[in-house]
Amino acid sequence: MSEDLNTISKILSFVLRHQPENIGLILDAQGWASVEDLIAKANQHGQHLTRELVVQVVAQNDKQRFSLSADGLKIRANQGHSLKVDLALTEKCPPEILYHGTASRFLDSILVEGLKPQARQHVHLSQDEETAIKVGQRHGKPVVLKIAALQMMRSGHCFYLSENQVWLTERVPVDYLTVLNNSR
Ligand code: HQG
């Protein structure tokens with residue numbers, strides 16, 4: 001993705017997941033915003049957004065962060081919200097093991113409290129270790145946690161798979177966590 005598209009992706013993530021009011025945008029209960037409105041409001045706030053650019057960001061985004069509605073009139077983020085939106089996620093049976101990347105400085109707290117969604121709606125998990133390392137690196141020295149996901153589901157925890165293949169769950173109790181590469 002080009003620099004420009006990357007910048008637009010960051011702006012879209014911010015307004016569609018966290019603070020639509022920052023540009024006066026309104027999301028519906030399922031997190032959708034009108035594309036036309038998004039473009040108008042962003043441009044009133046100094047951006048140079050066009051429908052073509054929005055379509056390109058949706059199509060080329062490295063993590064497929066956004067979806068357009070079937071009629072192309074609405075856009076929303078596929079996951080990662082701090083806003084309370086109903087994504088109508090359907091429950092899905094997870095693989096036996098999922099991974100979570102975090103930073104070493106969070107480990108003491110995680111080993112007491114388990115994984116919590118913090119500012120987001122869900123705890124984010126990945127199917128592979130490499131993704132978890134990248135996610136952890138965003139916060140500092142990466143540490144990967146192995147999650148006994150299937151066992152968790154069998155004990156009554158719900159799992160969801162977002163449109164862009166991120167596994168989501170409400171929390172992960174300590175009993176289901178193992179530290180993979182604790183190199184503190
Ligand atoms: C940590 C990116 C202390 C948790 C990524 C994480 C992901 C605790 C941080 C998506 C804790 C929250 C989400 C506890 C959890 N004590 N720390 N009890 N429980 N934490 O950014 O998972 O590029 O909200 O380990 O690729 O890092 O935005 O979550 O380190 O999919 O599309 O609290 O964001 O995607 O950080 O990342 P975040 P995350 P995008």
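The model is a predicted one, in which local features need pLDDT of at least 70 and side-chain atom pairs count only at pLDDT 80 or more, while totals for chains, interfaces and linings use all residues. Residues are numbered from 1 along each chain as its sequence is written, and side-chain values use heavy atoms, with hydrogens and water left out.

E2 is joined to strand E3 (residues 74-77) by three bridges in the antiparallel sense, and Phe66 stands opposite Ala77 in E3.

A further open sheet has three strands in the order E5-E8-E7, again with antiparallel pairing. E5 and strand E7 (160-161) stand at its edges with a single partner strand each, so one side of each is left without a neighbour in the sheet. Two bridges link E7 to strand E8 (residues 167-169), with Leu161 opposite Trp167 in E8.

The domain assignment gives domain 1 (3-77) and domain 2 (98-181), with bounds from an automatic or database assignment. Their centres, taken over C-alpha atoms, are 27 Å apart.

Both domains contribute at least three residues to the lining of the largest pocket, which holds about 1,100 Å³ of space. A pocket is, on a 1 Å grid over the protein atoms alone, an open set of points where a 1.4 Å probe fits, with protein on both sides within 12 Å along at least five of seven lines; lining residues have an atom within 4 Å of a point. Grid points are joined across faces, edges and corners, and the volume is the space filled by probe spheres set on them. Of the 42 lining residues, Arg120, His124, Val135, Arg138 and His139 lie nearest the pocket centre. Elements giving two or more residues include helix H1 (3-18), strand E5 (123-125) and helix H5 (129-137); H1 provides the largest share, seven residues.

How values were computed:
Helix = DSSP H or I, 4+ residues; strand = E, 2+ residues; numbered from the N terminus. Pairing = 2+ DSSP bridges.
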